[in-house]
Amino acid sequence: MTTERDFDRLARAWLELSPNGAPDRTIEAVLRAIETTPQVRRPVRRPPWRFPSMNRNLRVAAAAAVIAVAFGAVLLIGRGLSSNVGAPSPSPVPSPAAALSPSAASTQVAAGDPWPTRLNGRWMGGNRSLPGVAADSGTSILFSSGAFEMTPSNRNGDPFLGSPASAIGGQAIRLETTGTDVLCQAGNVGLYYWSLTSDGRTLTLTAVRDDCVTRLGAVPGTWWLDGCKDTQTDCLGDVAAGTYQSQYISPRIKTDDTWGPVFGAVTYTVPDGWANSSDWPSTFGLTPSSDYGHVLAGDAEGSRSILLVTQPAPLTQKVACSQGVDSGVPRTVDAEIGWLQQVPGLVTSSPTATVIDGHQGQWIDIRLSPDWKTRCPGGPGPEVDYLAHPGGQIVGIVGTAQRQRVILLDLGGGDLMAIVVSTDTSSPFTAFAAQAMPVITSFQFK
């Protein structure tokens with residue numbers, strides 16, 4: 001922003017003149033957030049994003065959204081809803097009356113009750129109606145020994161509802177607000193049962209009672225462990241067989257749109273042996289756990305992968321390794337599939353029609369021609385870069401042994417989705433494509 005100081009002054013005035021006012025600490029927090037929050041820009045030309053190695057660093061937000069979020073944080077909003085997808089079922093949760101009376105919430109924790117370390121970590125969940133959490137956004141909770149907090153899904157650095165956490169026996173936790181909090185009053189106590197699936201990846205929290213109405217509406221429900229191996233983002237990592245929802249990808253985001261996370265924008269079902277390896281505003285990755293377990297830094301998809309790419313745009317082929325979009329290709333499934341069949345250096349199959357979640361599409365298999373010799377700067381071998389997405393990066397195919405299936409779907413309203421199935425030199429493509437397609441046909445798009 002070129003008028004940063006003027007914006008600060010106007011923002012302060014807007015907050016101070018609002019009908020309900022805003023505390024000084026909130027005003028200062030807004031101004032600090034505006035200074036440090038990255039803004040949406042047109043795509044920056046970055047090192048190409050190619051299979052199998054992925055290089056991602058998408059940072060998007062909007063100053064106006066920051067103001068709205070911070071202003072909302074001074075308002076008390078009541079009970080929220082939790083989202084419960086068909087993931088593996090936790091072990092049965094006991095009735096509150098079975099072991100603990102609600103009055104136990106106000107008693108002292110028994111000395112020596114150990115904290116259940118299996119709860120430590122970040123857990124991701126659906127939307128809760130909370131101040132500062134956008135209507136489509138998910139939420140997360142963070143447990144560490146003796147502490148609890150919640151955050152919006154895309155802002156782990158902005159915690160709220162923080163409190164000490166204590167164990168009561170082996171089935172319950174006690175939360176008590178000890179400091180100043182606009183959402184809970186000091187001394188508010190909450191008591192919750194917890195239950196984990198046998199693999200420790202799905203957590204269910206059930207309320208016994210809570211003096212803080214806002215926390216009571218936010219904490220109960222199903223939460224999924226953030227097991228992402230990519231430290232730059234949050235994703236589920238290895239998952240048990242079941243149905244899950246994405247946290248961040250926005251299938252209908254345009255290049256110049258202000259991004260916001262959309263919980264459940266993609267719903268998917270996987271058998272045992274799969275991992276959610278990445279989740280970004282314009283891409284989403286799934287990979288077999290056997291590949292994900294050997295992931296290297298910057299290669300979160302592994303050697304076999306399914307990558308979802310929003311708003312795919314053809315890259316011009318007038319100059320090799322160009323990162324410019326070919327504006328002459330209509331943004332339709334038919335046009336982009338036809339264009340792919342003509343890209344120099346690619347050998348393609350005939351298009352096959354498909355329908356996923358009611359959306360019409362086509363797919364083709366691609367590989368590099370054995371005669372193709374063009375290398376891009378820094379690339380490990382011959383390659384063709386062919387698609388761009390709103391994150392400002394590209395998708396390409398590298399090496400004559402690599403194989404890909406490119407599926408293009410029409411989501412309606414001019415929005416396209418690309419789904420790229422990829423294997424490297426050590427992974428037979430036909431077998432993996434057969435394994436990947438049932439997962440892909442399970443996709444549902446919000």
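Predicted model: local features only at pLDDT ≥ 70, side-chain atom pairs only at ≥ 80, totals over all residues.
Entry 1, the helix. I looked up α7, which spans residues 333–340. Which of its residues are buried? I found Val333, Glu336, Ile337, Trp339 and Leu340 to be buried. I then looked down the axis of α7: the buried residues fall within an arc of 160 degrees, so they line one face of the helix. For background I noted that an α-helix has 3.6 residues a turn, so residues three or four places apart point the same way. Next I asked what covers the buried residues of α7. The cover includes the strands β15 (313–314), β16 (346–348) and β18 (359–368). It also includes β19 (383–388), β21 (403–412) and β22 (415–423).

Entry 2, the open sheet. I traced 3 strands in the order β10-β11-β23, and their pairing is antiparallel. At the edges stand β10 (242–245) and β23 (444–445); each has a single partner strand, so one side of each is left without a neighbour in the sheet. I checked how β11 (residues 266–270) meets β23 and found 2 bridges, with the strands running antiparallel. Opposite Val266 I found Phe445 of β23.

How many bridges pair β7 with β8? I recorded 4 bridges between β7 (residues 202–210) and β8 (residues 221–225), in the antiparallel sense. For Thr204, I noted Thr222 in β8 as the bridge partner.

Definitions and conventions
Residues numbered from 1 in each chain as written. Heavy atoms only, no water. Buried < 20%, exposed > 50% of the residue type's maximum accessible area, 1.4 Å probe, protein only. Arc of directions from axis to C-beta. Contact = heavy atoms within 4.5 Å. Pairing = 2+ DSSP bridges.
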